[in-house]
Amino acid sequence: MRATGVQGPQRRRTRRRLLAGVTAGLVAMTGMVVATVTGAVPVQAAECASASYRVVSSWDSGHQAEVSITAGSHAIDGWYLRFELPAGVRIQQAWNAQITQNGGVVTARDVGWNASIPAGTTRVMFGAIATGGGPVTVTGFWVNGRLCGSTQDPDNCPTPYPAPSGPGFGCPALPSPSSSITSPSTSPTPSTSPTPSPTVGSGGLVPTGEPQVIASGLDVPWSITHAGTGTSYVSERNSGNILEVGDDGTTRVAGTVQGIDAVGEAGLLGIAANGSYLYAYSTGPNGNRIQRYMFVSNPQPGAPVNLAYHDTILDGIPKARFHDGGRIAFGPDGMLYVTTGDAGNAGSAQDVNSLGGKILRMTPEGDVPGGNPFPGSLVYSYGHRNVQGLDWADDGTLFASEFGENTWDELNVIEPGGNYGWPEVEGIGGDSRYVDPVQQWATSEASPSGLAIAGDTIFIANLRGQVLRAVPVARPTESTEYYAGRFGRLRAVTVSPDGDLWFLTSNTDGRGTPASDDDRLLSVPLAPAP
């Protein structure tokens, strides 16, 4: 165990315990999101699919909920739901769904056997136990692999649902997307206006106050993930250790990835928690690989949770001393997205039969899912040199940060099947054959690594540029710099379970100038832009 003290004021706000009431329901319609306090569920237009989150019992420290899904005039062959819980509220247990929680954002998708719902049928699909109470907000509902309600694509819902034409894809206008969990004496009156978002216009969120050290003395840290229990983990590239981060700033080795080839930029890279597993991307004897580790707890009360190797879901991704990619994340569709580098073979990025220089999309078991742009292939986008960060905006848009070579680093919006031009193009090329980045920076000013989206703001950790950049989702050609040069190289950034922004330094990776307490995991609160 490595003891690492907290520096400065207490780094975490006290988790808020919200009193759970008796019951509430949330309905997300195809093309819109609706919330009502439970009573009678509003009648929906026949052609619209819907999902409802309902609290069936509650107690002082938590509640139990069930989620029902109704198929409209079109059968459902696969579903996915995203909803948001208040700060500090966690899903403790779930059944009959694949659950992922990142901060207050919870995603749930079918587990295969419960994917199909006949037209005109309502079924209780899964249940969950959570700490605390409301408000709860449904922010996304997918059927048959497509996001309903997106304005990005007029064909984003399966026929016969109509194309977007105002709220609800032609469904009647309905109340606000948010509702509080209430006591039995509260009148079941729907909210008439949306719950205010912690943003100002399109200005989004900004860091506020002085960043505080959560943990220090880390050895080439690379990635951060948060398990559904609220516990956070950090990967160390060279040691192969996966560290559990304690509330008091201590770290403990929860597990170690064996057989890593930690040379140059290779080693243990990205990690992502999903349900009962922690996924790890690392460099092994046969190439870069993705392995699953199971969370294993000792039955003794208060005993720590450790990680035990479960299986390897993908191996043989091209590896090299440099350009190994390595960022992994679960998307709002429940699929695992993986960034791979060109491993020094630039031409492989244009070869859709190679796994090098790509963003991959796969099921949690490593299989090719429906909806991928190339039949039978894990490849989701290609023409990449070395993507280092990825995350999704609330509307489902996927952003990715990418290292350039000698001229331009990039921020891209990822399209299925998109060709991002490497090695033919670096930066904005204006060639219709390739997708141009929405923003570019000189390589001397950036080396954009990890990326996280909070509210309407994209945060990017920069290595060579030694800054934290903020980019408005609505205006991705703009950016603001924070902490230039103060903490050295920045490797990763994420939103914590409490809603703060966490970021990792990378000064012990052989390219930085480490301070006595490097490397560090730091935290800073977020607030609406002035």
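Buried, as I use the word, means under 20% relative accessible area, with exposed being over 50% and partly exposed in between, for a 1.4 Å probe and protein chains only. By that cut-off Ser354 counts as buried, because its relative accessibility is 14%.

This is a predicted model, so local features need pLDDT of at least 70 and side-chain atom pairs count only at pLDDT 80 or more, while totals for chains, interfaces and linings use all residues. Residues are numbered from 1 along each chain as its sequence is written, and side-chain values use heavy atoms, with hydrogens and water left out.

Back to Ser354. This residue is in the loop between β23 (336-339) and β24 (358-362); strands are DSSP runs of E, at least two residues, numbered from the N terminus. Leaving aside neighbours within four places in sequence, Ser354 is in contact (heavy atoms within 4.5 Å) with Pro318, Ser348 and Val379.

Next, strand β16, residues 241-245. Here 5 of 5 residues are buried. Asn241, Leu243 and Val245 point one way, Ile242 and Glu244 the other. In general, side chains in a regular strand alternate between the two faces of the sheet.

Which strands pair with β16? Pairing requires at least two DSSP bridges. Strand β15 (residues 232-236) is joined to β16 by 4 bridges, antiparallel, and Val234 has Leu243 as its bridge partner. On the other pairing, β17 (residues 251-256) runs antiparallel to β16 over 5 bridges, with Glu244 opposite Arg252. The β16 and β17 hairpin has 5 residues between its strands, and Gly249 in the turn has a positive phi of about 90°.
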